[in-house]
Amino acid sequence: MIILGIETSCDETAVALVEDGTRVLSNVIASSSDFHIKTGGIIPEAAARKQIEFIIPVLKKAVGRVSVAKIDAIAVTAGGPGLIGSMLVGVETAKTLGIAWNKPVVPVVHLLAHLYANFIESQNSNLKTQSNPQFPAMVLTVAGGHTDLILMKGHGNFEIIGQTRDDAAGETFDKTARILGLPYPGGPSIATEAARFQIANTKLQMFPRPMLKEGGFNFSFSGLKTAVARKIEQLGNKIDKSQIAAEIQEAIVDVLVQKTVKAAKHYNVKNILIAGGVAANTRLRNVLSQKSPIPVFIPPVALCTDNAAFIASYANFNYHPADINKISAIPDSQDAILYYENLKNKSKKV
Ligand code: KG4
Ligand code: ZN
């Protein structure tokens with residue numbers, strides 16, 4: 001089955017063609033993130049306008065010479081996390097194509113789709129095994145709006161066992177980068193700055209590791225942001241930006257790795273998977289694969305950040321086309337999961 005995926009939840013406009021959920025035939029991404037650097041973050045209205053500007057050229061490029069007759073279905077990000085204006089561009093495009101081409105449309109929740117970066121073939125740079133992820137698996141989903149531990153017992157069988165109580169890991173990178181005067185998006189900026197700090201044998205322990213002992217599998221990062229702000233104020237012009245960046249990265253990575261390994265052991269899983277934009281972080285990738293006694297799947301960096309290939313892959317393994325009139329853009333991921341589960345169950349009963 002060939003699925004055309006469309007992803008416009010934030011500042012990336014992406015369209016991909018994926019066969020059988022694993023083989024990428026095309027994967028085109030246009031990003032307006034350079035544009036948002038100037039404003040120090042995303043202005044939702046501006047991001048939506050960029051989506052409108054990019055969607056047709058990206059779609060044309062991704063479909064290329066593939067005949068429309070060969071496309072079996074259209075999958076679209078119709079659930080968050082995301083910005084309503086941006087998401088609507090993809091949703092309306094998918095619905096229009098569904099009607100014009102007479103194809104089924106599969107609504108996809110962005111949060112869950114991130115996991116499927118781990119199922120995409122050939123580019124799968126799994127470090128410890130060569131096979132597909134085995135279930136049950138523990139998935140650490142770390143993005144701009146989410147930090148979740150998801151127990152995946154099979155396709156479509158997801159249980160969120162831990163979440164952040166306040167800021168997400170990506171959000172913490174973004175906010176602390178801003179405090180440090182580093183450009184948006186903060187994750188890559190902090191990682192680059194941290195790489196400049198190379199004092200051998202320095203223990204990176206300046207900042208707290210929130211909720212390591214308590215809170216079960218939940219996270220909390222807002223205290224870290226406050227600790228960074230206080231430290232910078234204390235240091236004044238004595239501040240070494242690269243050291244602070246390395247300390248921030250280490251504190252975030254340490255908590256993510258320890259909690260993920262703890263959850264994986266608790267649920268006795270066969271694999272650990274990572275997903276989301278923060279999974280592109282080299283330090284996280286290295287520390288998790290070194291410290292985990294359980295085989296870890298690590299998707300290539302290009303598939304960790306937002307793209308439409310994982311949207312199409314998700315739809316292949318969770319194939320539930322919906323009535324086009326019932327598909328809408330739902331920015332909150334929990335609301336979206338509930339809404340589309342409900343829709344799926346109702347259509348089963350008919
Ligand atoms: O998954 P994603 O592209 O969009 C969301 O769905 O949120 O994730 C974006 C987040 C941003 O917070 C960005 O700072 C972070 O991922 N990010 C990184 C890296 N690359 C992107 N964080 C740490 N290290 C990176 N290399
Ligand atoms: Zn994302």
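Glu 45 and Arg 49 sit four residues apart in helix α2 (residues 44-63), so about one helical turn separates them. Their side chains meet in a salt bridge, with an N to O distance of 2.8 Å. Arg 49 counts as exposed, because its relative accessibility is 55% and the threshold for exposure is over 50%. The model is a predicted one.

A second pair occurs in helix α3 (residues 84-101). Glu 92 and Lys 95 both belong to this helix and lie three residues apart, about one turn. A salt bridge joins Glu 92 to Lys 95, and the closest N and O atoms are 3.8 Å apart. The cut-off for such a bridge is 4 Å. Glu 92 is partly exposed, at a relative accessible area of 39%. Lys 95 has a relative accessible area of 14% and is therefore buried. The spacing of such pairs has a simple basis. An α-helix has 3.6 residues a turn, so residues three or four places apart point the same way.

Arg 209 and Asp 254 are both buried. Elsewhere, salt bridges with shared partners join Glu 19, Asp 20, Arg 23 and Glu 121 into one network. The whole structure contains 15 salt bridges.

The zinc ion (ligand 2) has three protein donors: His 110 (NE2), His 114 (NE2) and Asp 306 (OD). These donors lie 2.0 to 2.1 Å from the zinc ion. Along the chain, the donors follow the spacing H-x3-H-x191-D. Both histidines, His 110 and His 114, are buried. Water is not among the atoms, so the site may look incomplete.

Helix α6 covers residues 186-195. Its buried residues are Gly 186, Gly 187, Ser 189, Ile 190, Glu 193 and Ala 194. Viewed down the axis of α6, these buried residues fall within an arc of 165°, so they line one face of the helix. The packing partners of the buried residues of α6 are α5 (169-180) and α8 (241-266).

At the level of the fold, the chain has twelve helices and ten strands. The radius of gyration is 20 Å, close to the 20 Å given by the globule rule for 350 residues, so the chain is as compact as a globular protein of that length. Along the principal axes, the C-alpha atoms fill a box of roughly 65 × 45 × 35 Å. Of the 350 residues, 55% count as buried. The accessible surface of the chain comes to about 15200 Å². Carbon and sulfur atoms account for 52% of this surface. Contacts between residues at least 6 apart in sequence were also examined. Of these contacts, 74% join residues at least 24 apart.

Conventions. Residues numbered from 1 in each chain as written. Chains lettered and ligands numbered in written order. Predicted model: local features only at pLDDT ≥ 70, side-chain atom pairs only at ≥ 80, totals over all residues. Heavy atoms only, no water. Donors = N, O, S within 2.8 Å, 3.2 Å for Na, K, Ca; no water. Buried < 20%, exposed > 50% of the residue type's maximum accessible area, 1.4 Å probe, protein only. Helix = DSSP H or I, 4+ residues; strand = E, 2+ residues; numbered from the N terminus. Arc of directions from axis to C-beta. Contact = heavy atoms within 4.5 Å. Rg over C-alpha atoms; globule rule 2.2 N^0.38 Å. Areas by Shrake-Rupley, 256 points an atom, 1.4 Å probe, with all protein chains shown as cover.
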